[in-house]
Amino acid sequence: MAEAKIKLNPMRSVFLEKVTVNICVGNDKQGMVKAEKLLKALTNKTPVKNCARRRMATWQIRPGLPIGYKVTLRGEDASKFLKWVLDSKGKSVKGSSFDKNGNFAVGFQEYLELNGMKYDADIGIMGFEVMATFARAGFRIRSRRLLSAKVPARHKVTKEEVVELLKKDFGVKIN
């Protein structure tokens, strides 16, 4: 009986919160220009620079140095982009791609692996990473400014719930 109540509760439903597309090129100025063009071509959104937080002398990276770009998609844009990415991957995701909170990441060696993408000589060959984040109603309490609080363990999203959502909504199989 308690299981039926949990399944019917609308606060327990899991949804796609955001999709983040990330390209990291390190200390390469030409690569930064190419990464920005590629993200604009993929998402039709303006990318945001990612800056280094730590010093890595072997890669000539210091704090504050721009090392990549990212775009965050939410709502309908996020679900359309995720469907496109999953179709390009053959509607399968590795089980090891998931973290304990049900989020998962998919990497591409080259953007030409996406369905419908054509080679652009200005960009060349470049890969990227797609990260999908899932949430429940009420997760805002951890990021709000006033009276922020922790999300209880019983309300956190699990890997099994996300796998079920992906199978139902996106037709994905987990390897």
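Trainee: Why is Phe81 called buried?

Mentor: Buried means under 20% relative accessible area, exposed over 50%, and partly exposed in between, using a 1.4 Å probe and protein chains only. Phe81 has 5% relative accessibility, so it counts as buried. Keep in mind that this is a predicted model, where local features need pLDDT of at least 70, side-chain atom pairs count only at pLDDT 80 or more, and totals for chains, interfaces and linings use all residues. Residues are numbered from 1 along each chain as its sequence is written, and side-chain values use heavy atoms, with hydrogens and water left out.

Trainee: And what makes Trp84 partly exposed?

Mentor: Its relative accessibility is 23%, so Trp84 counts as partly exposed.

Trainee: How many aromatic pairs does a search of the whole structure find?

Mentor: Four. Rings of Phe, Tyr and Trp (its six-membered ring) pair if their centres lie within 6.5 Å; planes under 30 degrees apart count as stacked, over 60 as edge-to-face and the rest as tilted. One of the pairs is Phe81 with Trp84: centres 5.7 Å apart and planes at 80°, so that one is edge-to-face.

Trainee: Why is the pair of Phe104 and Phe134 called stacked?

Mentor: The ring centres are 6.1 Å apart and the planes are at 25°, so the pair is stacked. Phe104 lies in strand 5 (residues 104–108) and Phe134 in strand 6 (residues 128–136), so this pair ties together parts 30 residues apart in sequence. Phe104 counts as buried at 1% relative accessibility, and Phe134 is buried too, at 3%. Ring pairs also link Phe98, Phe104 and Phe134 into a cluster.

Trainee: What does strand 6 pair with?

Mentor: Strand 1 (residues 14–24), running antiparallel, with eight bridges joining the two. Two strands pair if DSSP finds at least two bridges between them. Phe134 shows up again here, as the bridge partner of Leu16. Strand 1 is also joined to strand 3 (residues 66–74) by seven bridges, again antiparallel, and Val21 stands opposite Val71 in strand 3.

Trainee: Which residues does Thr43 touch?

Mentor: Val21, Val71, Leu73 and Phe81, not counting residues up to four places away in sequence. Contact means heavy atoms within 4.5 Å. Thr43 is in helix 2 (residues 29–43), and its relative accessible area is 9%, so it is buried. A polar atom of the Thr43 side chain lies 2.7 Å from the backbone oxygen of Leu39.

Trainee: How many disulfides does the search find?

Mentor: Zero in the whole structure. Cys24 is in none, and the nearest cysteine sulfur, that of Cys51, is 11 Å away. A disulfide is a pair of cysteine sulfur atoms within 2.5 Å, and the 11 Å from the sulfur of Cys51 to that of Cys24 is too far for a bond.

Trainee: Are Cys24 and Cys51 exposed or partly exposed?

Mentor: Cys24 has a relative accessible area of 53%, so it is exposed, whereas Cys51 is partly exposed at 41%.

Methods. Helix = DSSP H or I, 4+ residues; strand = E, 2+ residues; numbered from the N terminus. Polar contact = N/O pair within 3.5 Å; in protein donor to acceptor, adjacent residues only side chain to side chain.
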